[in-house]
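Dear colleague,

Please find below the structure that I am handing over to you. My findings follow directly after it.

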Amino acid sequence: MLRRIAVMMFAALAMFAVDASVGRSADGQIGRRGRQQAEPDPGYWVGLSAGYVDGTTINDGATGTIWEFGYTAQIRATLEKTLQRGVTAGVSAGFSDAPLTYVSGFSDPHSNCVNECAARANITQLMAYIHGGGSTGFHFVYDLEGGATEFSDFRLSSTQTSLAPSSKYDFTFGFGGGFGYGFSQISDIYVSEMTDLVLHPSNGATTSAPRLFQFRAGFRVGF
């Protein structure tokens, strides 16, 4: 948890530093030419979304097990910096507690998991992304993101006994789009669909990257 907080704080500080530098330059320009453009977008945005994550199957090369994830929900927090009107760069942290069928193919004496078991695992996504689209009223939105997906805290549903592995990070990238509605220049809501590809080392049973399909609904507030 401390590592995730540190990552988010570092990204936020970096974004504020860039904004301060740009702001000093912009102040000088405004002093010479005056205000000739419409009111700009807010410098920063914070947001929260709830998502519906489709199930996926992952073949784990490290343990020789198969993770058949079911449908689950995701909570996601975001911080964005405005690059230009209607375009932002951001960082996000999403969390899910997902059900799965854990297929071991053998009897695990530690957990008494024979062949396959009902289990749960945490799925955490730490992403950087570009968000486009934004205005008052209805508008299209699109996102392009990349970062890491962590699978952790594998455990039996019945007894909460731990299963392997303890934690695993995988590079992830994705894209998607949807619709938004701006109530004002500093607040909007959106719904979007995302497709994330998870580059997870497999056990040779598959050659395609697992996909996480997500439906998100959320809001953003500018400041």
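The largest nonpolar core of this predicted model comprises 18 residues, and those with the most contacts inside it are Trp67, Phe69, Leu100, Tyr102, Phe151, Phe154 and Leu163. Such a core is a set of buried Ala, Val, Leu, Ile, Met, Phe, Trp, Tyr and Cys residues joined through side-chain atoms within 4.5 Å, where buried means under 20% relative accessible area, exposed over 50% and partly exposed in between (1.4 Å probe, protein chains only). At least two core residues come from each of β3 (65-69), β5 (87-108), β6 (113-132) and β7 (137-156); the largest share, 5 residues, belongs to β6. Strands are DSSP runs (E, at least two residues), numbered from the N terminus.

Beyond its neighbours within four places in sequence, Phe69 is in contact (heavy atoms within 4.5 Å) with residues including Gly55, Ile58, Leu100, Ile123, Phe151 and Phe154.

Leu199 lies in strand β9 (residues 187-199) and is partly exposed, with a relative accessible area of 41%. Its C-alpha atom is separated by 5.6 Å from that of Ala209, 10 residues apart along the chain. Leaving aside neighbours within four places in sequence, Leu199 is in contact with Asp170, Phe171, Phe173 and Ala209.

Regarding the basis of these values, residues are numbered from 1 along each chain as its sequence is written, and side-chain values use heavy atoms, with hydrogens and water left out. Local features need pLDDT of at least 70 and side-chain atom pairs count only at pLDDT 80 or more, whereas totals for chains, interfaces and linings use all residues.

Yours sincerely

Terms used: Helix = DSSP H or I, 4+ residues; strand = E, 2+ residues; numbered from the N terminus.
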